[in-house]
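Here's a quick briefing on a few spots worth a look.

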Amino acid sequence: MAMSQPIGKKDDDRDDEGEYSPFLGIEKGAVLQEARVFNDSQLDPRRCSQVITKLLYLLNQGETLTKAEATGVFFSVTKLFQSKDLVLRRMVYLIIKELSPSSDEVIIVTSSLMKDMNSKTDMYRANAIRVLSRIIDGTLLTQIERYLKQAIVDKNPVVASAALVSGIHLLQTNPEIVKRWSNEVQEAVQSRAALVQFHALALLHQIRQNDRLAVSKLVTSLTRGTVRSPLAQCLLIRYTSQVIRESGITQTGDRPFYDYLEGCLRHKAEMVIFEAARAITELNGVSNRELTPAITVLQLFLSSSKPVLRFAAVRTLNKVAMTHPMAVTNCNIDMESLISDQNRSIATLAITTLLKTGNESSVDRLMKQITNFMSDIADEFKIVVVEAIRSLCLKFPLKYRALMNFLSNILREEGGFDYKKAIVDSIVILIRDIPDAKESGLFHLCEFIEDCEFTYLSTQILHFLGNEGPKTSDPSKYIRYINNRVILENATVRACAVSTLAKFCATVDSLKPRILILLRRCLYDNDDEVRDRATLYLSILGDDASVGETDESKKEFVFGSLDIPLVNLESSLKNYEPTEEPFNIDFVPKEVKSQSLAEKKAPGKKATGLGASHNGPPSTVDAYEKLLSSIPEFSHFGKLFKSSAPVELTEAETEYSVNVVKHIFDGHVVFQFNCTNTIPEQLLENVTVIMDASEAEDFSEVSLKPLASLPYDSPGQTFVAFEKPEGVVVGKFANTLRFIVKEVDPSTGEAEDDGVEDEYQLEDLEVDSADFMLKVGVSNFRNAWESMGEDCEKVDEYGLGVRESLAEAVNAVINILGMQPCEGTEVVPSNSRSHTCLLSGVFVGNVRVLVRLSFGIEGGAKQEGPKQIAMKLAVRSEDQAVSEAIHEMVASG
């Protein structure tokens with residue numbers, strides 16, 4: 001035993017030595033002191049190399065040298081060129097690149113570097129080229145351009161690669177010079193050296209990248225078999241994919257580029273095979289038949305002994321499964337074996353891919369395998385698995401019990417906020433979409449909040465429980481869980497629990513006396529928010545213990561969502577000036593202000609009148625209403641219903657800039673033309689817009705308000721008002737800007753007395769059905785739909801014809817109706833064959849409207865390209881005539 005102790009100590013010392021860093025504890029000041037060895041008359045190459053290494057370490061760790069320090073080190077380093085030691089010379093090259101000397105300092109080393117560039121030692125030549133290209137400017141580049149062009153075609157591949165890489169860097173700063181090297185680079189592409197060919201192809205493509213035809217010719221010539229380097233071949237595959245995408249080559253007929261990609265699948269280099277397979281899977285509109293060869297080689301990679309190949313293959317197959325799940329099913333057996341892979345990233349991707357491609361019979365088997373797997377992976381991987389399980393459950397709703405139990409089990413395990421939130425969100429979605437899962441799902445959520453450490457999740461679950469719990473067969477069983485939160489949790493959760501109790505009280509009359517007792521206890525809570533909520537709900541619901549039905553108006557208050565965007569309410573409250581009249585919430589604008597790409601103003605273009613800022617604040621609506629009510633001709637039109645975003649009627653950078661805002665009233669439409677004169681030498685007077693309503697017969701012009709004067713760069717407005725029948729009226733107007741133009745003296749700025757009448761043709765303007773709809777969202781569509789009732793419901797089916805995709809059809813209908821998508825349903829999952837979209841809005845006349853759109857693809861499941869789309873439209877509103885009007889909008893759209 002006496003002998004064993006020293007042996008153990010020796011092993012400990014070895015471990016310590018293994019973790020020791022040679023750079024541990026070095027300081028900039030000490031290293032700069034050491035750098036004085038560069039000035040010794042007798043240089044020690046080894047010592048100098050060590051000092052340079054320390055300097056490089058400091059610089060790469062983020063340490064900075066002052067101007068004086070950097071200059072001192074640089075001048076000292078230049079003295080090391082007198083040493084012939086190869087290792088030291090390489091270190092000198094590195095430190096010069098890192099120091100990046102200024103233009104007046106560069107000249108000191110230029111002669112030494114140019115001498116090395118013409119040296120007989122290839123290592124000197126290659127490194128000198130790299131350093132020179134990094135530190136010289138355009139003037140000096142022209143002096144050494146001849147040497148660089150010669151180096152590109154040098155027989156030594158190291159020198160040639162150095163020159164080509166330098167060219168790639170110089171292309172960013174001196175493109176005109178580098179583009180003159182095309183012939184030499186083209187010759188280097190034919191080199192037998194792998195790296196030279198790779199760098200040459202990269203540089204040649206960068207030189208031609210702005211010329212699509214030149215890139216296409218380059219790819220066409222090289223795909224015929226002149227590229228031998230695997231690295232260059234991978235580059236060429238990427239360039240080929242780019243040409244296919246940009247040219248929009250169809251997958252029919254003569255396809256030389258696709259055939260080249262398919263041919264690369266038989267290459268001897270694994271990197272080329274994978275690059276080709278990935279390129280094929282990422283092609284637009286690729287069919288299952290064209291995917292087959294790529295899937296086959298990826299399947300072979302799944303059983304490779306190399307982890308990187310297994311990871312690359314399963315990650316690519318995971319992406320393919322999102323759009324072509326049936327094409328990946330042949331790989332399922334191979335992927336099941338990867339669930340136990342030592343690399344957890346590979347295992348996670350394998351499981352999520354299997355969940356996307358598996359069938360109903362394989363669900364139970366997959367669940368058993370995943371259960372053992374979940375404890376071994378990090379939270380970010382677990383979230384991916386949870387989302388995949390949610391999609392699988394929506395795909396096979398009959399399997400909800402097994403999947404719901406799995407989610408509830410992992411919900412009880414340890415995990416971070418994002419992981420737990422992903423599970424809770426999944427259970428909530430399953431409850432909403434699978435009615436049979438509601439009871440078990442709510443029970444699992446109630447169990448979770450008993451021991452939940454995250455306030456956000458507790459409040460989210462309580463809010464959801466308040467909406468869904470009262471509709472279950474036995475609502476009373478949830479009261480215990482809710483009341484526990486009132487007793488045990490923090491103030492935020494307690495306040496939310498009070499609101500949840502109030503929802504049960506308003507909906508379940510048999511529970512009302514017991515819940516009122518619980519609410520009274522909350523009046524003594526030490527948090528004012530909890531007390532205020534309890535007081536409010538007791539006042540609304542009636543502070544008595546009698547059992548009786550709660551009024552519908554009270555239910556609406558408890559459950560109803562605020563149909564006004566919070567940002568609009570906030571803005572109106574800020575702008576409210578206390579007067580004798582109280583604040584009226586009815587005057588808060590309800591439209592959701594959103595900025596589309598088309599509405600973005602051209603850069604450099606000046607604002608053109610009131611509201612020309614296309615993404616202005618909601619208070620812009622208030623400003624419009626004040627402006628219009630101040631004009632006598634429009635003051636009797638009533639309350640403004642909606643103002644559109646400005647529509648440009650002129651091109652950017654033209655003589656006159658005009659856009660129009662459509663103001664919708666119940667019986668009128670006012671067009672506000674925002675005009676700007678962009679010609680300094682002109683003054684415009686009596687400016688009007690003549691609107692030809694020959695294609696808008698239901699509109700009749702009632703008023704025109706001209707703009708008296710429009711000086712240079714000073715926005716102004718002219719108005720035209722039309723009367724219309726009630727409801728939706730569409731039409732198209734041809735517009736002409738008419739004015740008197742007067743010349744302005746540039747020296748004095750005064751206009752001439754006499755003017756000339758002139759006209760300027762504007763773009764046509766359409767009033768469409770979406771102009772009569774306000775985008776107003778609802779927080780809970782299902783509750784709003786059920787509370788609206790079936791009295792004014794109208795349902796019909798429509799054929800939407802041939803569309804490129806389901807997403808295109810959904811967006812087209814949303815644009816026709818001009819309504820607010822709810823709960824993210826405007827997003828269509830890739831590869832979906834059916835989709836439901838929920839819309840909400842307020843129709844002209846302040847009639848609330850809810851729409852449920854159900855889309856489906858007609859024909860076989862393997863149909864490629866454009867698809868025949870069918871749609872079922874269900875509308876509920878407060879007026880049967882409005883429901884029918886919505887159907888007419890779709891039918892005529």
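Aspartate 754 is exposed, at 65% relative accessibility (exposed means over 50% relative accessible area, buried under 20%, partly exposed in between, with a 1.4 Å probe and protein chains only). It's a predicted model, so local features need pLDDT of at least 70 and side-chain atom pairs pLDDT 80 or more, while totals for chains, interfaces and linings use all residues. Numbering runs from 1 along each chain as its sequence is written, and side-chain values use heavy atoms, with hydrogens and water left out.

**Around aspartate 754**
- Aspartate 754 sits in the loop between β9 (731-743) and β10 (756-761); strands are DSSP E runs of at least two residues and helices H or I runs of at least four, numbered from the N terminus.
- On the surface, Asp754 belongs to a patch of negative charge, along with Glu681, Glu743, Asp745, Glu750, Glu752 and Asp753.

**Threonine 316**
- Threonine 316 is buried at 6% relative accessible area and is part of helix α18 (residues 307-323).
- Leaving aside residues up to four places away in sequence, threonine 316 touches Phe274, Arg278, Thr281 and Leu298; contact means heavy atoms within 4.5 Å.
- Leucine 298 is 18 residues from threonine 316 in sequence, with 8.1 Å between their C-alphas.

**Positive phi**
- Asparagine 686, in strand β5 (residues 682-695), has a positive phi near 50°.
- Asparagine 846 has a positive phi near 60° and lies in the loop between β15 (834-843) and β16 (847-857).

Technical notes:
Patches are made of residues with over 30% relative accessible area and no salt bridge: like charges are joined within 9 Å, nonpolar side chains (Val, Leu, Ile, Met, Phe, Trp, Tyr) within 5 Å. Accessible areas come from the Shrake-Rupley method with a 1.4 Å probe; for residues, only the protein chains shown count as cover. A salt bridge is a side-chain nitrogen of Lys or Arg within 4 Å of a carboxyl oxygen of Asp or Glu. Lys and Arg count as positive and Asp and Glu as negative; His and the chain ends are not counted. The place of a charge is taken as NZ of Lys, CZ of Arg, CG of Asp or CD of Glu.
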